[in-house]
Amino acid sequence: MAAIGETQPAKHQEVGHKSLLQSDALYQYILETSVYPREPQSMKELREVTAKHPWNLMTTSADEGQFLNLLLKLINAKNTMEIGVYTGYSLLSTALALPEDGKILALDINRENYEIGLPIIEKAGVAHKIDFREGPALPLLDEMIKDVKFHGSFDFIFVDADKDNYLNYHKRLIDLVKIGGVIGYDNTLWNGSLVAPPDAPLRKYVRYYRDFVLELNKALAIDSRVEICQLPVGDGITLCRRIS
């Protein structure tokens, strides 16, 4: 608690805030200056609905949603995949960025959460781009790997799911994304815990998944099949562009 007479730092107002910026006031400035004024009404509505959900920390942040939307347009993505959907904020951001005949294969173990955002996605007129599949992603990916027609068929793949399976996903997705295509792994800076001392007071789930994220980052850094860029957007996102 600040002493009497001290000014407390301004706190962010976004529920589910995951910015790694040390200044919450600066993060709020980014949101209010560059993100919220450009945020589509449908995404704003879904963000506000998601903020009321008890697991709202699972959502993609508004600035990351904006980043993904622009990235997809820059690479002219048309056929995409998303592993880990939650209420669909990043999914909606993707759907809005894709052309009218664009497609998203959306995988999540919980349809109930997806259906929270589905009415908003439908109202935005982009639900026809989404093929939602409920259940674990790995079995479906294994089936796709067996069929050569899926090899190199995706322009962009976004992964925001179970961190303990990120490496297992990467082993499969590298064959499904096209050469020149991009895989984005979310949460690769994991609450800033990757550089925390061993005795740091971390939340149980943060501590549990920390080593899996560290392992992924080390593996991506030496994977010669991809070019990578790790960005401190949201909770950290690593982009992998397949080159071989």
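**Figure 1. The pairing of strands β6 and β7 at Val 226 and Arg 242.** Val 226 stands opposite Arg 242 in β7, and this pair belongs to the antiparallel pairing of strand β6 (residues 226-231) with β7, which extends over six bridges. Strands are said to pair if DSSP finds at least two bridges between them; the strands themselves (E, at least two residues) and the helices (H or I, at least four) are DSSP runs, numbered from the N terminus. The two strands form a hairpin with five residues between them, and Gly 234 in the turn has a positive phi of about 60°. This is a predicted model, in which local features need pLDDT of at least 70, side-chain atom pairs count only at pLDDT 80 or more, and totals for chains, interfaces and linings use all residues. Residues are numbered from 1 along each chain as its sequence is written, and side-chain values use heavy atoms, with hydrogens and water left out.

Figure 2. Strand β7 (residues 237-242) is largely enclosed by the rest of the structure, because five of its six residues are buried, where buried means under 20% relative accessible area, exposed over 50%, and partly exposed in between (1.4 Å probe, protein chains only). Besides its pairing with β6, strand β7 is joined to β5 by five bridges, and these two strands run antiparallel. Within this view, Gly 184 stands opposite Leu 239 in β7.

**Figure 3. Strand β5 beside strand β4.** Strand β5 (residues 177-186) is mostly covered, with seven of its ten residues buried. Strand β4 (residues 154-159) is connected to β5 by five bridges, and here the two strands run parallel. The bridge partner of Phe 156 is Val 182, which lies in β5. In a regular strand the side chains alternate between the two faces of the sheet.

Figure 4. Asn 76 lies in the loop between α3 (62-74) and β1 (79-83), and although Asn 76 is not a glycine, its phi is positive, at about 55°. With a relative accessible area of 62%, Asn 76 is exposed. Trp 190, found in the loop between β5 and α8 (204-221), likewise has a positive phi, of about 40°, without being a glycine. Trp 190 has a relative accessible area of 5% and is therefore buried.

**Figure 5. Glu 112 in helix α5.** Glu 112 has its place in helix α5 (residues 111-123), and this residue counts as exposed because its relative accessibility is 63%. Between Glu 112 and Ile 145 there are 28 Å in space, C-alpha to C-alpha, while the two residues are 33 apart in sequence.

**Figure 6. The setting of the close-up views in the whole protein.** The secondary structure comes to eight helices and seven strands, and the C-alpha trace spans about 65 × 45 × 30 Å along its principal axes. Of the 244 residues, 48% count as buried. Among contacts (heavy atoms within 4.5 Å) between residues at least 6 apart in sequence, 67% join residues at least 24 apart.
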